[in-house]
Amino acid sequence: MKILWTELKNVVKDSDILRILIIGPIIITLIIGCIYLNTYVDDMPVAVLDMDQSSLSKNITQLFDEDDRFAVTQYVDSEEKLKELLDNGTILMGLCIPKDFSKDISRLKQTNIVTMVNGENIIVANNCYAQAATIINTVSAGAQLKVLQAEGYSYEKAKSMVLAFNFEDRTLYDPKFAYMNYLLLAFVATVIQQVFLSAFGISIINNGSELVREKPIRHLLAKFAVCAGILTVTSSIAIAISNRVFGIAFNGSPLNVFVLGIIFLLALSCPAIIIAALAKERVKYVQICLMFSLPTIISCGYIWPQEQMPGWFAVLVKVLWPFINFARPFDELIFKGIPLSAASHNIIQLLIYFAVWFPIALLLLMKSYRKQARLEKNQGCNALGV
Amino acid sequence: MFESMLKSIKAEWKRAVSEKTILIVIIIIPILTGLFVGFEFEKGHMTGIPMAVADMDNSATSRMIVQQFRENETFHIKYETDDSDMLKKLMDESKVRVGLILPRGFEKDMKGSKSPTLLMLYDGSHISMSALAKIKATEILLTLRCGAAARMIAANTGNPYADALKLVQLVGYTNRTLYNPTGSFKFFLNPILVTAIVQTGIVLMASVAIRQEELEKKKRKKIGYALGKFFFYGLLGTVILVVNITVQYRFFGIPFRGNYSYAVILSVGFAFSVTAFGLMFSSFMRNKLFCTLINAVLFIPSPLVIGYTWPFISLPKGYRMVTPWLPLYHYADNVRNLFLNTLAKAHFEKDILWFLAFTAAMLCITFASTLITGRKAEAAEEDREKRTNGQTLELEGGIHA
């Protein structure tokens with residue numbers, strides 16, 4: 001208890017640690033949440049090359065313009081011009097309606113609508129393609145219905161032929177594929193990681209030599225308890241902001257999130273101790289830790305799922321860093337409300353990570369600071385001429 | 001000034017070799033990250049998305065539909081059940097990301113012209129997987145429906161199947177995705193990820209590079225000192241940017257369709273702009289840790305706000321006003337264009353001019369700040385010396401008395 005109280009005083013006295021623990025999660029959540037305030041990619045600029053100029057082709061153009069996802073911004077008269085606008089990024093999609101489009105349909109001659117999408121940004125390209133396909137399929141079905149009705153079939157009969165079967169889509173948990181829902185919790189998880197790494201490591205560096213002198217494990221546990229305790233409060237505020245301000249659903253149990261979070265922080269304390277033992281200076285330590293933010297978020301299975309990575313790569317990531325076992329389950333515990341048992345394999349892997357790496361981290365810390373203490377002692381002796 | 005600049009470069013190099021942090025942050029971690037993303041996104045496309053099927057009809061038609069999904073490399077049917085609740089449970093526990101429910105009597109209803117409905121379920125919490133699954137599943141189902149519709153029209157009208165198929169395909173649709181036709185994640189993400197990590201490395205080191213205690217008294221020497229840091233980190237950053245671009249292009253198969261010299265020139269402009277920004281902070285902020293954290297908050301999330309992944313048009317107005325002032329905004333799109341498209345000369349020139357103006361402005365602030373804070377530090381030092389001398393004299397006077 002005494003050690004815990006001492007460590008609490010140490011942390012409170014260090015304004016840098018306090019700033020990181022208190023301000024970090026809240027500010028970053030607000031900065032990143034605001035990026036996705038416009039939840040969907042709407043009004044994507046489209047240019048139209050209408051070589052038919054019939055009422056049907058104009059109707060199709062109007063369907064695109066009236067769709068929330070698209071905004072027809074230009075009309076061009078050649079494919080080259082369309083390509084040029086796509087090349088220089090003025091438009092994101094080009095719509096080409098061929099010559100005699102309307103006549104061909106009435107003559108029952110096959111015709112083809114072409115869309116050209118700038119594929120450099122996959123998000124935009126997928127959105128354009130999916131929405132354009134929906135509009136054109138509706139047009140196509142309408143044309144088939146008219147032809148069959150003209151042949152004397154009733155609307156119902158024609159419809160049952162054209163739509164031999166229907167398919168319905170139901171997107172669970174996030175029906176509109178909102179990027180806010182998808183990404184914000186990933187960044188909250190990353191901030192939790194970075195804030196803990198920085199605060200816990202700095203607190204070790206602040207009194208590393210004293211720490212290794214007596215009861216190092218108790219000192220480390222006390223530091224962990226203080227940093228994790230404050231972070232639990234501030235990251236709860238960050239999660240509350242995601243929920244209240246940015247509308248991310250909280251469908252799970254806070255206790256489950258807490259359990260996973262604490263086990264993750266326990267595992268994360270191992271690389272923190274190792275880097276602190278090697279860096280031994282506050283600024284250097286923070287610089288190195290910050291450099292890990294990007295590689296860890298890329299490899300945590302969020303953007304690119306774990307099962308899509310090469311097998312050896314996923315194993316390597318799991319052996320080296322615990323974040324891969326935290327980011328996705330953290331999100332799913334909150335957003336989907338999965339039971340803790342569904343994340344049990346992640347918890348087991350985190351515990352194994354801790355069991356393997358903690359002795360190594362402790363050994364490195366002891367060795368590093370004892371060496372430093374010896375060096376300081378020698379320097380002191382030399383200065384005194386002993 | 002030139003001498004102090006060289007001296008400053010040498011000193012920084014010595015520090016890099018002896019302390020290792022500079023090498024770790026600017027060279028080792030960015031290069032390893034380049035290899036890391038190269039291996040991680042090696043495949044480029046998602047395949048084998050876990051799927052569950054609830055075929056409650058178990059007819060020839062329903063089995064044929066399931067077979068189409070089984071043969072498509074995008075999907076991997078992991079579970080087959082005849083219970084839709086079980087399928088929902090598998091989705092809830094994240095064991096599958098896609099579900100297909102074929103209702104009882106599906107085939108019978110189709111033959112009876114009742115247009116039965118099958119249900120596709122997607123896990124919306126994992127957009128990157130579900131969006132692709134939705135596109136691929138829709139393609140499969142539309143193709144199947146097309147064939148089924150043609151067969152039904154042929155049977156009902158007595159026309160040949162080929163004619164019925166023509167009617168079904170009366171309005172065809174072709175989508176041409178330019179520059180990244182296969183929708184490869186590798187082509188899309190690797191250029192920005194390798195750039196972002198180098199940017200972070202440069203700014204974190206440059207933001208603590210100017211050390212007040214190392215500043216010499218003469219004005220020119222102070223400027224030479226700051227210039228030394230500028231060239232050291234700017235050049236180092238440029239080399240790592242170019243190395244990372246080359247690695248992605250040579251070893252991980254990302255096409256490079258643009259002009260290589262443009263990439264080098266843009267990298268010079270970008271690396272020096274970021275360095276100048278970091279140095280500007282370093283010149284007036286005493287608390288190095290706080291300075292590092294501020295720069296991290298400004299630069300680490302920057303790939304998200306420049307319109308590279310989340311389109312610029314969808315950003316809130318405030319971000320759209322601020323982000324054009326970030327160097328990455330003027331670099332990322334150009335580099336992606338160099339990889340996947342061809343970069344227009346006008347764009348390139350405009351951004352190079354921006355880099356020049358931004359760097360010049362940042363350097364002017366850095367020089368002014370270095371001179372002012374240097375002078376303050378000297379004044380404080382002189383004051384301290386005077387007070388120490390005064391105290392010594394008083395002490396000596398006391399002793400003599």
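A: In this predicted model, chain A and chain B share 52 residue pairs in polar contact, both residues being at pLDDT 80 or more; a polar contact is a pair of N or O atoms within 3.5 Å, where within protein one must be able to donate a hydrogen and the other to accept it, and residues adjacent in sequence count only if both atoms are side-chain atoms. On the side of chain A that touches chain B, helix 6 (residues 122-150) of chain A supplies the largest share, 16 residues. Helices (H or I, at least four residues) and strands (E, at least two) are DSSP runs, numbered from the N terminus. That side of chain A consists of 70 nonpolar, 22 polar and 22 charged residues, where Ala, Val, Leu, Ile, Met, Phe, Trp, Tyr, Cys and Pro count as nonpolar, Asp, Glu, Lys and Arg as charged, and the others, Gly among them, as polar.

Overall, 114 residues of chain A are in contact with 115 residues of chain B (heavy atoms within 4.5 Å). The two chains bury about 10200 Å² between them, 66% of it on carbon and sulfur atoms; buried area is the accessible area (1.4 Å probe) lost by two parts on being put together, summed over both.

Charged pairs also occur across this interface, where 4 salt bridges are found (a side-chain nitrogen of Lys or Arg within 4 Å of a carboxyl oxygen of Asp or Glu). One of the salt bridges joins Lys284(A) to Glu19(B), at 3.6 Å from N to O.

Strands connect the chains as well: strand 4 (residues 111-118) of chain A runs parallel to strand 5 (residues 171-178) of chain B, with 8 bridges between them. Pairing requires that DSSP find at least two bridges between two strands. Within this pairing, Met116(A) stands opposite Arg176(B).

As for the chains themselves, chain A has 16 helices and 5 strands. Its radius of gyration is 30 Å, well over the 21 Å of the globule rule for 386 residues, so chain A is more spread out than a compact globule. This radius is taken over C-alpha atoms, and the rule is 2.2 Å times the number of residues to the power 0.38.

Residues are numbered from 1 along each chain as its sequence is written, and chains are lettered from A and ligands numbered from 1 in the order in which they are written. Local features need pLDDT of at least 70, side-chain atom pairs count only at pLDDT 80 or more, and totals for chains, interfaces and linings use all residues, while side-chain values use heavy atoms, with hydrogens and water left out.
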